[in-house]
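I opened a new notebook page for this structure. These entries record what I looked up, in the order I looked.

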Amino acid sequence: MITLTEEPITVEPLLGHVSRPSAGGIALFVGVVRDHADGRAVTLLEYQAYRPMAISEMERIARAVTTDEVTVAVAHRIGPLRVGDIAVICAASAPHRPEAFSACRTLIDEIKAHVPIWKREHGPEGAYWVGWRDARCEDEH
Amino acid sequence: MKILFFAGARDVVGYDDLVADLPPTTARGLLEYLCGEFPALAPYAPSLRVAVNGTYASWDDPIANDDEVAIIPPVAGG
């Protein structure tokens, strides 16, 4: 179950999706917009996605951690998000907690590394895309 | 081919997307071409990835004129 939406997201549909009679553990990661980044105040995060690829990458990542015993679900919100809003939810169920924690951790780590979603931080010092300034290299001759 | 830009790359290039009529090339060749057309993009080239038809491409992957290509800055989901 992969969701990419501009609407608010909640944990209940994901919990319902991964619940199994055989699953004794459900791990949940909830990513929330916080009010600071690197010492700067943050008032708003503006999320942008390359929508079809973001969905297909999340599906690929979810497939890679799904097994006979591990079931997962992911929801990511895009658009303008305020402090306290939920940006991402990852849920993983398994017979026992180690597999559930591990799958949930892999999900969020892989999403952050590969899914084409970006965020622009807005604060008193202006607005800029996270990671973009660091991406600039000086020309080397 | 259709070329899509996102986030910081969109800002420095000034286009959400554009259509280019180019001879067949590779992901590397396309990025080099774009950095020539948009010099403001060049300092970021080492951090950029190219996706072809919605999948990350290797630098030597071919790009044809009917492909949809996306220039992918460092991602920041979550």
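**Entry 1: helices on the chain A sheet**

I started with helix α1 (residues 11–18) of chain A, which lies across β2, β6 (71–77) and β8 of chain A and runs at about 160° to β6(A). I take contact to mean heavy atoms within 4.5 Å. Angles run from 0 to 180 degrees between N-to-C directions, with axes as lines fitted to C-alpha atoms, for helices over the stretch in contact. Helices (H or I, at least four residues) and strands (E, at least two) are DSSP runs, numbered from the N terminus.

This is a predicted model, in which local features need pLDDT of at least 70, side-chain atom pairs count only at pLDDT 80 or more, and totals for chains, interfaces and linings use all residues. Residues are numbered from 1 along each chain as its sequence is written, chains are lettered from A and ligands numbered from 1 in the order in which they are written, and side-chain values use heavy atoms, with hydrogens and water left out.

I then looked at helix α3 (residues 97–114) of chain A. It too lies across β2, β6 and β8 of chain A, at about 145° to β8(A).

**Entry 2: the sheet under those helices**

Which strand order does this sheet of chain A have? I read β1-β6-β8-β2, an open sheet of four strands with mixed pairing. Two strands pair if DSSP finds at least two bridges between them. At the edges I noted β1 (2–5) and β2 (25–32) of chain A, each pairing on one side only. From one strand to the next the twist averages 5°.

I followed β2(A) to its partner. Eight bridges join β2(A) to β8 (residues 86–94) of chain A, and the two run antiparallel. A:Ile26 stands opposite A:Ser93 in β8(A).

For the whole of chain A I counted three helices and 10 strands. Along the sequence the pattern reads β-α-β-β-β-β-α-β-β-β-α-β-β. The C-alpha trace of chain A spans about 55 × 40 × 30 Å along its principal axes.

**Entry 3: the sheet of chain B**

I moved to chain B. Here an open sheet of five strands has the order β2-β1-β7-β4-β5, again with mixed pairing. Strands β2 (17–19) and β5 of chain B stand at the edges with a single partner strand each, so one side of each has no neighbour in the sheet.

I checked β4(B) on both sides. With β7(B) it pairs antiparallel over four bridges. With β5(B) it pairs antiparallel over two bridges. B:Ala51 has B:Ala70 as its bridge partner in β7(B), and B:Ala51 also stands opposite B:Tyr56 in β5(B). B:Val52 stands opposite B:Thr55 in β5(B). The hairpin of β4(B) and β5(B) has two residues between the strands, and B:Asn53 there takes a positive phi near 50°.

**Entry 4: where the chains meet**

How many residues does each chain bring to the contact? I found 27 from chain B and 26 from chain A. Together the two chains bury about 2,200 Å², 60% of it on carbon and sulfur atoms. Buried area is the accessible area (1.4 Å probe) that two parts lose on being put together, summed over both. In chain B, B:Tyr44, B:Ala76 and B:Gly78 lose the most area to chain A, together 26% of what that side buries.

I counted 15 residue pairs in polar contact between chain B and chain A, both residues at pLDDT 80 or more. A polar contact is a pair of N or O atoms within 3.5 Å; within protein, one must be able to donate a hydrogen and the other to accept it, and residues adjacent in sequence count only if both atoms are side-chain atoms.

On the side of chain B that touches chain A, α1 (7–13), β4 (49–52), β5 (55–56) and β7 (68–72) of chain B each supply at least two residues. The largest share, six residues, comes from α1(B).

**Entry 5: salt bridges**

Between chain B and chain A I found one salt bridge. A salt bridge is a side-chain nitrogen of Lys or Arg within 4 Å of a carboxyl oxygen of Asp or Glu. The side chains of A:Arg120 and B:Asp11 meet in it, at 3.2 Å, N to O.

Over all chains the structure holds nine salt bridges. One of them joins A:Arg40 and A:Glu121, with the closest N and O atoms 3.3 Å apart. A:Arg40 lies in strand β4 (residues 40–41) of chain A and A:Glu121 in strand β9 (residues 117–123) of chain A, so the pair ties together parts 81 residues apart in sequence.
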